[in-house]
Amino acid sequence: MYRSAARAAVITGPWPSSAPTQAPTTTERRKAVPATDADALRTGLTPAQLMTLEALEIFQWRLAFVRRPLFQAPIPVLFDREDTRYVVIEEDGTLNEQPTLQLRA
């Protein structure tokens, strides 16, 4: 009897119904890295890596991203102007043209 009395005490009011609202339609939430973050990518690189990076930027290679594994040196990854090849700058500033990194397609 107590349960049915509680159901009878529910009052409908003028407030909006609890119908589900539509979620905003977006195709892609990830955004490209702004140019201001280019300086943030360079932080933590060794002087030898920075020197090699500057030399490659003359030939229109671009710093795409930097992997930062725990307790290891950062690994900068650069792409050429056509985005067909990529290289890794090692900690001592040398280029690794055949890195073992697995990139997503």
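Predicted model: local features only at pLDDT ≥ 70, side-chain atom pairs only at ≥ 80, totals over all residues.
How many helices and strands does the secondary structure of the chain come to?

1. Overall architecture. The secondary structure of the chain comprises 3 helices and 4 strands. Read from the N terminus on, the order of elements is α-α-α-β-β-β-β. Among these elements are helix H3, which spans 47–58, and strand S1, which spans 62–67. Strand S2 covers 75–79, and strand S3 covers 86–89.

2. Burial, surface and contacts of the chain. The chain has 105 residues, of which 21% are buried. Of the contacts between residues at least 6 apart in sequence, 34% join residues at least 24 apart.

3. Gln-49. This residue is placed in helix H3. Gln-49 has a relative accessible area of 0% and is therefore buried, the cut-off being under 20%. Its side chain reaches the backbone oxygen of Pro-74 at a distance of 3.2 Å. When neighbours within four places in sequence are left aside, Gln-49 is in contact with Pro-74, Pro-76, Ile-89, Glu-90, Glu-91 and Gly-93.

4. Asp-80. The loop between strands S2 and S3 holds Asp-80. With a relative accessibility of 10%, Asp-80 counts as buried. A polar atom of the Asp-80 side chain lies 3.0 Å from the backbone nitrogen of Asp-83. Not counting residues up to four places away in sequence, Asp-80 touches Gln-60, Trp-61 and Arg-85. Asp-80 and Glu-57 are separated by 23 residues in sequence, and their C-alpha atoms are 9.3 Å apart in space.

5. Gln-60. One of the residues touched by Asp-80 is Gln-60, which lies in the loop between helix H3 and strand S1. The phi angle of Gln-60 is near 65 degrees, a positive value in a residue other than glycine. Is Gln-60 buried, partly exposed or exposed? Its relative accessibility is 47%, so Gln-60 counts as partly exposed.

6. Phe-71. A positive phi is also reported for Phe-71, at about 60 degrees, although Phe-71 is not a glycine. Its place is in the loop between strands S1 and S2. Phe-71 has a relative accessible area of 84%; because the cut-off for exposed is over 50%, Phe-71 belongs to that class.

7. The aromatic pair. How many aromatic pairs does the count come to? The count comes to 1 aromatic pair. The rings of Phe-79 and Tyr-86 have their centres 5.8 Å apart and their planes at 40 degrees, so this pair is tilted. The class follows because planes under 30 degrees apart would count as stacked and planes over 60 as edge-to-face. As to the two partners, Phe-79 has a relative accessibility of 15% and counts as buried, whereas Tyr-86, at 22%, counts as partly exposed.

Key:
Residues numbered from 1 in each chain as written. Heavy atoms only, no water. Helix = DSSP H or I, 4+ residues; strand = E, 2+ residues; numbered from the N terminus. Buried < 20%, exposed > 50% of the residue type's maximum accessible area, 1.4 Å probe, protein only. Phe/Tyr/Trp six-rings, centres within 6.5 Å; stacked < 30°, edge-to-face > 60°. Contact = heavy atoms within 4.5 Å. Polar contact = N/O pair within 3.5 Å; in protein donor to acceptor, adjacent residues only side chain to side chain.
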